[in-house]
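Dear colleague,

I am handing over the structure below, and my notes on what was found in it follow directly after. Please read them with the model open beside you.

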Amino acid sequence: MALKKKRQQKSLAAGRPPIIQRTRSITRKATKALINKHHLLHKRKQQAVAKGDKAEEAAIDAEIEVIGGLEGYQEASLQGQRHDRGGDSSRVLMDWLKPCLSTQEPESGQKLRMLEVGALSTQNACSKSGHFDIERIDLNSQGDGILQQDFMERPLPKDESERFDIISLSLVLNYVPEPKGRGEMLRRTTEFLRAARRYIAFPHQADTFPSLFLVLPAPCVTNSRYLDEEKLFAIMESLGYVKMAAKTTQRLVYYLWKRDRALKETRRRFSKKEIRSGGCQEQLCCRLGMNRSP
């Protein structure tokens, strides 16, 4: 008599609904190539729109969809943020804020309010620090805890309770297609920051907040036809920002700007003017008209 084959007992996991599969990891080189391809296509689309070439614009839109659209770009960006690739830009911010935050206990109930524009994850260094009450927004939310919202259409704050101590724009500004749109995005950040007088009662915070954390691909500043660091500083100063810290790596530039309303805002125009010629690869440009005080 043949022995019955013993049936293997299923694990508890077998009875659960299928979970979302983790995105397949791609190499660092492939990640960089995909992100650069997106930037190139959006640059070409901007040029097609400026010429009024609808056929070219549609063809470029089709190319963008072939390589994954916005979702593909975000997926590549998430890959770039992996710890083993040194990607989480908020770690740089946390290093800069350490002296200020060292006097604040995370459990004190006095958390700083942060608006993270273009958020891809709820598990970055700022989120894990416990020092911030974070509102995260993105054009295409990648999960719970991130509101699907366009920063340029976000309702303006009604009062101080709806404003923030710090805003993070990490690899967001460079994805805005039009120079005027980039300028307006920078200007709009001033509408969402708390008043400097709020920090009079908190001297350890007064030297740092309210502030803006800005991250860009390094070539946007170091190898751009229309923007260099001098011009970027002039634009930010015209909006009432003072540079607190800066860092440049092979891939990225990081800045921490404090909004100082004591500065007299200039009424200077910033137009698309060539700064570098020759073999410049990037064409990032920010255009601002007359400034207005928030």
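Phe233, Tyr255 and Trp257 form one aromatic cluster, where rings of Phe, Tyr and Trp (its six-membered ring) count as a pair if their centres lie within 6.5 Å, with planes under 30 degrees apart called stacked, over 60 edge-to-face and the rest tilted. Please keep in mind that this is a predicted model, in which local features need pLDDT of at least 70 and side-chain atom pairs count only at pLDDT 80 or more, while totals for chains, interfaces and linings use all residues. Residues are numbered from 1 along each chain as its sequence is written, and side-chain values use heavy atoms, with hydrogens and water left out.

The structure holds 6 aromatic pairs. One of them joins Trp96 and Phe213 edge-to-face, with 6.2 Å from centre to centre and 80° between the planes. Because Trp96 lies in helix α4 (residues 90-101) and Phe213 in strand β5 (residues 211-217), this pair ties together parts that are 117 residues apart in sequence; helices (H or I, at least four residues) and strands (E, at least two) are DSSP runs, numbered from the N terminus. Phe213 is buried at 1% relative accessibility, whereas Trp96, at 23%, is partly exposed; buried means under 20% relative accessible area, exposed over 50% and partly exposed in between, with a 1.4 Å probe and protein chains only.

The rings of Phe151 and Phe192 have centres 5.3 Å apart and planes at 50°, so this pair is tilted. Phe151 lies in the loop between β3 (147-148) and β4 (166-170) and Phe192 in the loop between α6 (179-189) and α7 (203-206), so the pair ties together parts that are 41 residues apart in sequence. Both Phe151 and Phe192 are buried.

Arg154 is also placed in the loop between β3 and β4, and it is buried, with a relative accessible area of 10%. Beyond its neighbours within four places in sequence, Arg154 is in contact (heavy atoms within 4.5 Å) with several residues, among them Leu115, Glu135, Phe164 and Phe192. Although Arg154 and Phe192 are 38 residues apart in sequence, their C-alpha atoms are 9.9 Å apart in space.

Arg113 lies over the face of Phe164, at 4.2 Å from the ring centre, and the charged end of Arg259 sits over the ring of Tyr241, 5.9 Å from its centre.

Two points concern the backbone. A cis peptide bond, with omega about 0°, joins Phe209 and Pro210, and Pro210 is placed in the loop between α7 and β5. Leu171, found in the loop between β4 and α6, has a positive phi of about 55° although it is not a glycine.

Finally, on confidence, the chain averages a pLDDT (the predictor's confidence in each residue, from 0 to 100) of 79, and 72% of the residues score at least 70.

Conventions: Lys NZ or Arg CZ within 6 Å of the ring centre and 35° of its normal.
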